[in-house]
Amino acid sequence: MKPTKKVLIISYYWPPAGGPGVQRWLKFVKYLPDFNIEPHVYIPENPTYPLIDEKLMSEVSDKALIIKQPIFEPYGLASVFSKNKTKKISSGIIPNQKKQSFVEKAMLWIRGNVFIPDARVFWVKPSVKFLKQYLQDNQIDTIITTGPPHSLHLIGLQLKKELNITWLADFRDPWTTIGYHKQLKLSSWAAKKHKNLEMEVMTTCDQLLVTSPTTKTEFKAITSKPIEVITNGYDVEKVVKKPLDEKFTLAHIGSFLSARNPRILWKALSELVHENADFANCFQLKLIGAVSTEVLQAIQEFHLDSFVKHLGYLPHNEAIIEQRSSQVLLLIEIDSEETKCIIPGKLFEYMVSERPIIAIGPENADFAQIIKETNTGTFFKYDELEALKEQILKCFEQFQQNNLKVYPVGLQQYSRKSLTEKLAKLLNSKF
């Protein structure tokens, strides 16, 4: 048997962090030892996580070597002015531009123009100093950085310049083309600096890893370095089985951002409630996770607030239980060119929940193709009101007949273990 390969993974998000950012590398690290790769994971010792899920600590592989170093984050200083606003902005919930307070506008300007590429930039220099010695002491010649936060790619950039190592840069989301980037009130100087750093990272690393085909196409215009698509996926979840909801529940799991406000859905539901008494008696809108004020106001505007069951943020395993007991799962993405590349991590957990998905997003969205190929639901553009209404009604009629089911195909390729095998082959063949 060949010797075990060692890999250093540099990540900001790690248990007890909650939310989608932690799942990708938590699961890769869980399965890498199965493919003869020893994961060393470098994380902050005292991070400012907007969401906490202590139960995820039990999923950390006992074969992983976890290294922690202190981090300074200015979010701690900003919270003196407004802890709630700081927490929302740090978790990506940016208020509607017209409704932003002076404090929110100031915080966004500072976030985009002072902390480049992000507020974790102060971790770069001490991390490089510590990791140079750690890599040499442990004879590790391959590193992986995962962002956002994209500051972590600057750690990889500097280590690549100073040591004879191989560097893989993993982009869970794009950098300068992600939807919220343009909301950061960037000066022309700051925008240029972001672009220059992005290009330097992409042209210096040895390999890029992305989560969608559209991002790969976009990055190919910036760099000639090899780019591999490894999507997010699902893991085998051992959760308590709960009976399906008695109500006709449409459930959305995860952060419901201001820009992700699907007025087409609220209109469709509002019309169905008024046109169909049976539907009105059975319907419930189940929201799990942080929901922006704008979304709640829109729900109220369409007189749907009496149908809402808002459970707030739940630990991952509890969210999975609620997800699998819902009648229909909602997947909503912002209607813009920049969001075509986003394949939400929850899609894959949705796909193995055995519940039908109703998805709304931009034309040619990457995730629409996955839903179609796996036969796990239906996708609608933002101008397809009547078709959306028709599908919701069809699901409701199947619910009434106790026959609301899906028949998925080809899901195995998206299992976390299969995806880790793909990553391991990449690491072993190239590096």
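In what order are the 7 strands of the open sheet arranged? In this predicted model, the order is E3-E2-E1-E4-E5-E6-E7, and the pairing is parallel. The edges of the sheet are formed by strand E3 (65–69) and strand E7 (227–229), each of which pairs on one side only. From one strand to the next, the twist averages 20 degrees. Strands of a sheet pair through backbone hydrogen bonds, either parallel or antiparallel. Within the present sheet, strand E1 (residues 5–10) and strand E2 (residues 37–44) run parallel and are joined by 6 bridges. In this pair, leucine 8 is located opposite histidine 40 of E2. Helix H8 (residues 213–220) packs on the sheet, where strand E5 (166–171), strand E6 (207–210) and E7 are touched by the helix. The direction of H8 makes about 170 degrees with that of E7.

Helix H8 also takes part in the surroundings of helix H14 (366–374), as the buried residues of H14 pack against H8, strand E11 (328–332), helix H13 (346–351), strand E12 (357–360) and E13. The buried residues in question are Asp366, Phe367, Ala368, Ile370, Ile371 and Thr374. After H14 comes asparagine 375, with a positive phi near 55 degrees. Threonine 376 lies in the loop between H14 and strand E13 (377–380). With a relative accessible area of 1%, threonine 376 falls under the 20% cut-off and is therefore classed as buried. When residues up to four places away in sequence are not counted, threonine 376 touches Met351, Arg355, Pro356, Ile357, Ile371, Val406, Pro408 and Leu411.

Just after H11, histidine 303 adopts a positive phi of about 60 degrees.

Terms used: Residues are numbered from 1 along each chain as its sequence is written. This is a predicted model: local features need pLDDT of at least 70, side-chain atom pairs count only at pLDDT 80 or more; totals for chains, interfaces and linings use all residues. Side-chain values use heavy atoms; hydrogens and water are left out. Helices (H or I, at least four residues) and strands (E, at least two) are DSSP runs, numbered from the N terminus. Buried means under 20% relative accessible area, exposed over 50%, partly exposed in between (1.4 Å probe, protein chains only). Contact means heavy atoms within 4.5 Å. Two strands pair if DSSP finds at least two bridges between them. Axes are lines fitted to C-alpha atoms, for helices over the stretch in contact, and angles run from 0 to 180 degrees between N-to-C directions.
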